[in-house]
Amino acid sequence: MTHPEHPVTPSTGELALEDRASLRRVAGLSTELTDVTEVEYRQLRLERVVLVGVWTDGSAADADASLAELAALAETAGSEVLEGLIQRRDKPDPSTYIGSGKAIELREIVLATGADTVICDGELSPAQLNSLEKVVKVKVIDRTALILDIFAQHATSREGKAQVSLAQMQYMLPRLRGWGESMSRQAGGRAGGASGGVGTRGPGETKIETDRRRIRERMAKLRREIRDMKKIRDTQRSRRLGSEAASVTIVGYTNAGKSTLLNALTGAGVLVDNTLFATLEPTTRRGEFDDGRQFVLTDTVGFVRHLPTQLVEAFRSTLEEVVDADLLVHVVDGADDHPLAQINAVRQVVNEVVAEYDIAPPPELLVVNKIDAATDLGLASLRRALPDAVFVSAQTGDGLDRLSARMAEMIPPTDATVDVTIPYDRGDLVAKVHADGRVDATEHTADGTRIKARVPMALAASLSEFATF
């Protein structure tokens, strides 16, 4: 019960949420940057957008779901989605992604809606972006650039910002150019033919060469910085792994409710926001099972279908939390229209990360979240498809006791309960029990010191000869 005379101090998550809400893009303002070593591809306006996707396989519902996810991504980036279009093709057009005829139709829709940006649901080559831009005559970006833009907005820590900057530059380098014909830096580069010589090579080509060199230098510097930060993270992780507490890592699709679950299980106050990619920096909190064993719970960055390879690479040190875990708690949005597709997307990224270390993936506990928002029919279908999953609502607390019990079952105990009587001449063992274990009761008897405690398995084995019967 909260009393007005005792004001509640807002948590770190609440403050971060307020900051994020106050820094939304303002329609009509350009996000153009002056320094090319920053994110040149963000010289764009993401206010009024038209979405376009190519449906190559799967059902029409799958194609609609993919475009709906793109719309959610666009809105997270601060855009207003005006229209969504899907083109049915065997494969994307190598020139304009959707084909020249559809590109002209797209231009007419852009004019009719007043859109200033077209977002394509896929990763386009530099040539495809350039060709489509020439036809529609507004800024064209792809899904990868959009996700990178969201990450850039949400990164707050020094490591997170460095990782995002590196990913942006890896994406930008092969696409370095001016936006649109009027800004093309390459105009005149070979305008006079291969033997044009002096006078026919415009300054644009030199400018691009300079920019590429500056970007490569900046990327090398960022890689060094990330390596140094990774050493610190590795030290922190090894310290956690060296403790007796079990390591549990939460993974899942973006906006599946991972941070809410972390808060519910540990009482943490981390940021919870109903947007995609609200969490970029891993958050670690301690919790305790009913039997008294402690565990360390780590929240990770959310995954998404076709997560850009640049991001997987840049966030490698963050994703390594998956490798060292004793248990993966895989959170699924039970209210989503396509939860099984989300599960597959997450498992694909986890397997990629684990494969690099040539180890078996940690045991996985599927947790279907948001059951308070899901339909009865949808939940019944999921219970059939995922018989081993735990169904919870991190928001209401429903099912959290069952989840905690299942987590405790799946993590083998690293300690044991002992009831031993240690002779008085073995004071070293008594000291070790106090140092390494958790003593529940002590009694001095004629035969020695009787101790009831929880101690590490190795110590329990060495104490077995002193067991009290």
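User: Is helix α8 largely enclosed by the rest of the structure or left open, and why?
Analyst: This is a predicted model. In it, α8, which spans residues 258-266, is largely enclosed by the rest of the structure, because seven of its nine residues are buried.

User: Which residues in α8 are buried?
Analyst: Lys-258, Ser-259, Thr-260, Leu-261, Leu-262, Asn-263 and Leu-265.

User: And what covers the buried residues of α8?
Analyst: The cover includes the strands β5 (246-252), β6 (283-288), β7 (294-299), β8 (327-333) and β9 (364-369), along with helix α13 (400-410).

User: How do α8 and α13 pack, at what angle?
Analyst: The angle is about 85°, and the axes are 11 Å apart. An angle from 65 to 115 degrees counts as roughly perpendicular, so α8 and α13 are described that way.

User: Which residues meet there?
Analyst: From α8, Leu-261, Ala-264 and Leu-265; from α13, Leu-400, Leu-403 and Met-407. Of the α8 residues named, Leu-261 and Leu-265 are among the buried ones.

User: What follows α8?
Analyst: Gly-267, with a positive phi near 75°.

User: On to the sheet. What is the order of the six strands?
Analyst: The order is β6-β7-β5-β8-β9-β10, in an open sheet with mixed pairing.

User: In what sense do β9 and β10 pair?
Analyst: They are parallel, over two bridges.

User: Which strands does α13 touch?
Analyst: α13 packs on the sheet and touches β5, β7, β8, β9 and β10. The direction of α13 makes about 175° with that of β9.

User: Back to Phe-391. What lies over its face?
Analyst: Arg-383, at 4.2 Å from the ring centre. There is also Arg-88, which lies over the face of Trp-55 at 4.4 Å from the ring centre.

User: How many aromatic pairs are in the whole structure?
Analyst: A search of the whole structure finds one.

User: Now the protein overall. How many helices and strands?
Analyst: The secondary structure comes to 15 helices and 13 strands.

User: What share of the residues is buried?
Analyst: Buried residues make up 49% of the 469 in the protein.

User: And what percentage of contacts join residues at least 24 apart?
Analyst: 68%, taken among contacts between residues at least 6 apart in sequence.

Terms used. Residues numbered from 1 in each chain as written. Predicted model: local features only at pLDDT ≥ 70, side-chain atom pairs only at ≥ 80, totals over all residues. Heavy atoms only, no water. Buried < 20%, exposed > 50% of the residue type's maximum accessible area, 1.4 Å probe, protein only. Helix = DSSP H or I, 4+ residues; strand = E, 2+ residues; numbered from the N terminus. Contact = heavy atoms within 4.5 Å. Phe/Tyr/Trp six-rings, centres within 6.5 Å; stacked < 30°, edge-to-face > 60°. Lys NZ or Arg CZ within 6 Å of the ring centre and 35° of its normal. Pairing = 2+ DSSP bridges. Axes fitted to C-alpha atoms, helices over the stretch in contact; angles between N-to-C directions. Parallel < 35°, antiparallel > 145°, perpendicular 65-115°, else oblique.
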